[in-house]
Amino acid sequence: NHKLEEIVMSTSGEIFASEILLEVLQKADLSNFPRCKLHIQTNGLLMKDRWHRLKQWSDRVSTVNLTADACTKVEYERLRRGGRYERLIENLEWFKQKKVADGINFIVKMVVQKDNIDQLERFYDFAKSYNADEVHYARITDWGTMSPELFSYVDVLSPEHYLYGHASEQVRQFKAKNRMDAKFYG
C-alpha cells in the first residue's frame, strides 16, 4: 500500500453524488497511503458544493477530469440530461481558482457525437478559458443506455454514419492545428 501512487475515482459514476465512494475515502487510513493522490472523474456539477466531502483527501487531488460534452447552453443541456449549464459555469468558475491555488491537473473532456461535432474548436477555447491543462475528445461509446438505432444516429465518427465525411473533416481540421494539449481517443 505504501507504494500506491494514485487512485482514480470514478469511471462509472459521479463521485460527488456517491455516498459510498465518499465514505470509502473518508474512512481510509492515510498512513497506509502516504504518497497516494486522487484522480477524480466528474461531470463538475457538484464540485463547489461537495468538495469538502473529500475530507482528508481534499488536498491530495492530483487530477480532475471533467466531462462537459458541449460549451453552449442548448447543446450542453441536450447532451447532459439533468445538467444545468449555469450550474456547470458556476462550478468551472469556482474550480478555475482552486485548480491554480492547489496545483491540480485539469482535464476537460468532450464525448464526440452528432450534436457537438461542430463545436470542437469552440469547446477547446471554452475549456482553456477555465484553465484546462488538457482537452480530451473521445468517440461516444455504446454503454447499452440507448437503443441501437439511437446510438447509430449519434455516433457521428462511425464510418457508416451519414455525416461521417463531415465529422472526419472537422476532426482533421482541428488536429491540423497541432495543439499539444488536445487529445483524441477512439
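N178 sits in the loop between α7 and β6 (182-185). Phi of N178 is near 50 degrees, a positive value in a residue other than glycine. At 60% relative accessibility, N178 counts as exposed, where exposed means over 50% relative accessible area, buried under 20%, and partly exposed in between (1.4 Å probe, protein chains only). Helices (H or I, at least four residues) and strands (E, at least two) are DSSP runs, numbered from the N terminus.

This is a predicted model: local features need pLDDT of at least 70, side-chain atom pairs count only at pLDDT 80 or more, and totals for chains, interfaces and linings use all residues. Residues are numbered from 1 along each chain as its sequence is written, and side-chain values use heavy atoms, with hydrogens and water left out.

- The loop between β3 and α3 (73-79) holds D69.
- D69 has a relative accessible area of 3%, so this residue is buried.

**Helices α5 and α7**

- Two packed helices are described by the angle between their axes and the distance between the axes.
- Helix α5 covers residues 120-129 and helix α7 covers residues 164-175.
- Their axes come within 9 Å and cross at roughly 45 degrees.
- Axes here are lines fitted to C-alpha atoms, for helices over the stretch in contact, and angles run from 0 to 180 degrees between N-to-C directions.
- α5 and α7 are therefore oblique to each other. Angles under 35 degrees count as roughly parallel, over 145 as roughly antiparallel, 65 to 115 as roughly perpendicular and the rest as oblique.
- On the α5 side, L120, E121 and Y124 take part, and they meet Q170, V171 and F174 of α7. Contact means heavy atoms within 4.5 Å.
- The residues of this contact divide into four nonpolar, one polar and one charged. Ala, Val, Leu, Ile, Met, Phe, Trp, Tyr, Cys and Pro count as nonpolar, Asp, Glu, Lys and Arg as charged, and the others, Gly among them, as polar.

**Aromatic rings**

- The count comes to 13 aromatic pairs. Rings of Phe, Tyr and Trp (its six-membered ring) pair if their centres lie within 6.5 Å; planes under 30 degrees apart count as stacked, over 60 as edge-to-face and the rest as tilted.
- The rings of F123 and F126 have centres 6.2 Å apart and planes at 35 degrees, so this pair is tilted.
- Both residues lie in helix α5, where F123 and F126 are three residues apart, about one turn of the helix.
- F123 and F126 are both buried.
- One aromatic cluster is formed by F123, Y124, F126, Y130, Y137, F174 and F184.

**Cysteines**

- The disulfide count comes to zero, a disulfide being a pair of cysteine sulfur atoms within 2.5 Å.
- C36 is buried, at 1% relative accessibility.
- C71 is buried too, with a relative accessible area of 7%.

- N65 belongs to strand β3 (residues 61-67).
- At 12% relative accessibility, N65 counts as buried.
- Leaving aside neighbours within four places in sequence, N65 is in contact with H39, I40, Q41, T42, I107 and K109.
- R60 lies in the loop between α2 (47-50) and β3.
- R60 is buried, at 15% relative accessibility.
- Not counting residues up to four places away in sequence, R60 touches L30, F33, P34, C36, K37 and L38.
- R60 and H39 are 21 residues apart in sequence, with 8.9 Å between their C-alpha atoms.

- P148 is in helix α6 (residues 148-154).
- P148 counts as exposed, at 59% relative accessibility.
- From C-alpha to C-alpha, P148 and A138 are 19 Å apart in space, and they are 10 residues apart in sequence.
- H161 is found in the loop between α6 and α7.
- With a relative accessible area of 7%, H161 is buried.
- H161 contacts K114, S152, Y153, V154, D155 and V156, leaving aside neighbours within four places in sequence.
- H161 and K114 are 47 residues apart along the chain, and their C-alpha atoms are separated by 9.5 Å.
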